[in-house]
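The following questions and answers examine one protein chain step by step. Please keep the sequence and the structure in view while reading.

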Amino acid sequence: MPLVKKRLSVAAGATSDQVLAGTTYEYVDPGTNIVVAAAVDTAGSATADTTMDFTVNNAEFAKNASVSALVTGEPFGWNGNYVMNNMVTTGQVRNRPIITFTNGTAATRTIDVAVFIGG
């Protein structure tokens with residue numbers, strides 16, 4: 001299964017670039033499974049202020065979804081605590097998944113994101 005994994009630094013009040021922009025997977029075929037996992041480097045209620053938006057072909061799969069805090073001692077990856085979305089594309093030709101993160105806190109946040117494609 002292909003994987004796009006990134007560590008994003010998002011300034012206070014900013015929104016990240018589209019995670020898959022410029023990758024081989026910026027556009028995917030119909031019937032492609034996409035699993036998005038993410039975690040932010042903060043603890044407590046501040047995670048509610050770090051959110052993810054996820055759309056495919058203008059269909060919204062997540063809007064302002066709170067990103068969970070990275071848990072010390074728990075590896076980041078495709079597991080139940082970090083998976084934010086698991087879907088299969090349905091567009092007939094090309095599908096464009098767009099994933100962005102917004103930092104609503106007063107400090108820069110580091111977000112780990114992994115997008116598993118196919119499978």
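Strands are DSSP runs of at least two residues, labelled E and numbered from the N terminus. The model discussed here is predicted.

Q: Which pattern does the protein chain follow when read along the sequence?
A: The protein chain contains zero helices and seven strands. Read along the sequence, the pattern is therefore written with strand symbols, as strands are the DSSP runs labelled E. The pattern is β-β-β-β-β-β-β.

Q: What is the radius of gyration of the protein chain, and how does it relate to the globule rule?
A: For 119 residues the globule rule gives 14 Å, and the value for the protein chain is close to this, so the chain is as compact as a globular protein of that length. Along its principal axes, the C-alpha trace spans about 40 × 30 × 20 Å. The radius of gyration of the protein chain is 14 Å.

Q: What percentage of the contacts with a separation of 6 or more joins residues 24 or more positions apart?
A: A contact means heavy atoms within 4.5 Å. Among contacts in the protein chain with a separation of 6 or more, the share of residues 24 or more positions apart is 78%.

Q: What percentage of the residues in the protein chain is buried?
A: A residue is buried when its relative accessible area is under 20%. Of the 119 residues, the buried share is 44%.

Q: How far apart do the centres of the positive and negative side chains lie?
A: The protein chain carries 7 positive side chains and 9 negative ones. The distance between the centres of these two sets is 4 Å.

Q: Is Glu26 buried or exposed?
A: Glu26 is found in the loop between strand E1 (3-10) and strand E2 (33-40). Its relative accessibility is 18%, and the cut-off for a buried residue is under 20%. Glu26 therefore counts as buried.

Q: With the side chain of which residue does the side chain of Glu26 make a polar contact?
A: Leaving aside neighbours within four places in sequence, Glu26 is in contact with residues including Gln18, Leu20, Asn95 and Pro97. The side chain of Glu26 also reaches the backbone nitrogen of Gly22 at 3.0 Å. Its polar contact with another side chain, at 3.0 Å, is with Arg96.

Q: Where is Asn64 found?
A: Phi of Asn64 is near 55 degrees, which is a positive value in a residue other than glycine. The relative accessible area of Asn64 is 48%, and this residue is partly exposed. Asn64 is found in strand E4.

Q: Where is Asn57 found?
A: Phi of Asn57 is near 50 degrees, a positive value in a residue that is not glycine. Asn57 is partly exposed, with a relative accessible area of 37%. Asn57 lies in the loop between strand E3 (50-56) and strand E4 (59-66).

Q: The backbone nitrogen of which residue lies 2.9 Å from a polar atom of the side chain of Tyr82?
A: Tyr82 is found in the loop between E4 and strand E5 (83-88). With a relative accessible area of 1%, Tyr82 is buried. Not counting residues up to four places away in sequence, Tyr82 touches Val36, Leu70 and Phe76, among others. The backbone nitrogen in question belongs to Val71.

Q: The side chain of Asn103 reaches the backbone oxygen of which residue at 2.7 Å?
A: Asn103 is placed in strand E6 (residues 97-103), and its relative accessible area of 0% makes it buried. A polar atom of its side chain lies 3.3 Å from the backbone oxygen of Ala11. The residue whose backbone oxygen is reached at 2.7 Å is Ala107.

Q: What distance separates the C-alpha atoms of Val36 and Phe116?
A: Val36 is found in strand E2, and at 0% relative accessibility Val36 counts as buried. Beyond its neighbours within four places in sequence, Val36 is in contact with residues including Met52, Tyr82, Ile99 and Val113. Val36 and Phe116 are 80 residues apart along the chain, and their C-alpha atoms are separated by 6.5 Å.

Key
Residues are numbered from 1 along each chain as its sequence is written. This is a predicted model: local features need pLDDT of at least 70, side-chain atom pairs count only at pLDDT 80 or more; totals for chains, interfaces and linings use all residues. Side-chain values use heavy atoms; hydrogens and water are left out. Helices (H or I, at least four residues) and strands (E, at least two) are DSSP runs, numbered from the N terminus. The radius of gyration is taken over C-alpha atoms; the globule rule is 2.2 Å times the number of residues to the power 0.38. Buried means under 20% relative accessible area, exposed over 50%, partly exposed in between (1.4 Å probe, protein chains only). Lys and Arg count as positive and Asp and Glu as negative; His and the chain ends are not counted. The place of a charge is taken as NZ of Lys, CZ of Arg, CG of Asp or CD of Glu. A polar contact is a pair of N or O atoms within 3.5 Å; within protein, one must be able to donate a hydrogen and the other to accept it, and residues adjacent in sequence count only if both atoms are side-chain atoms.
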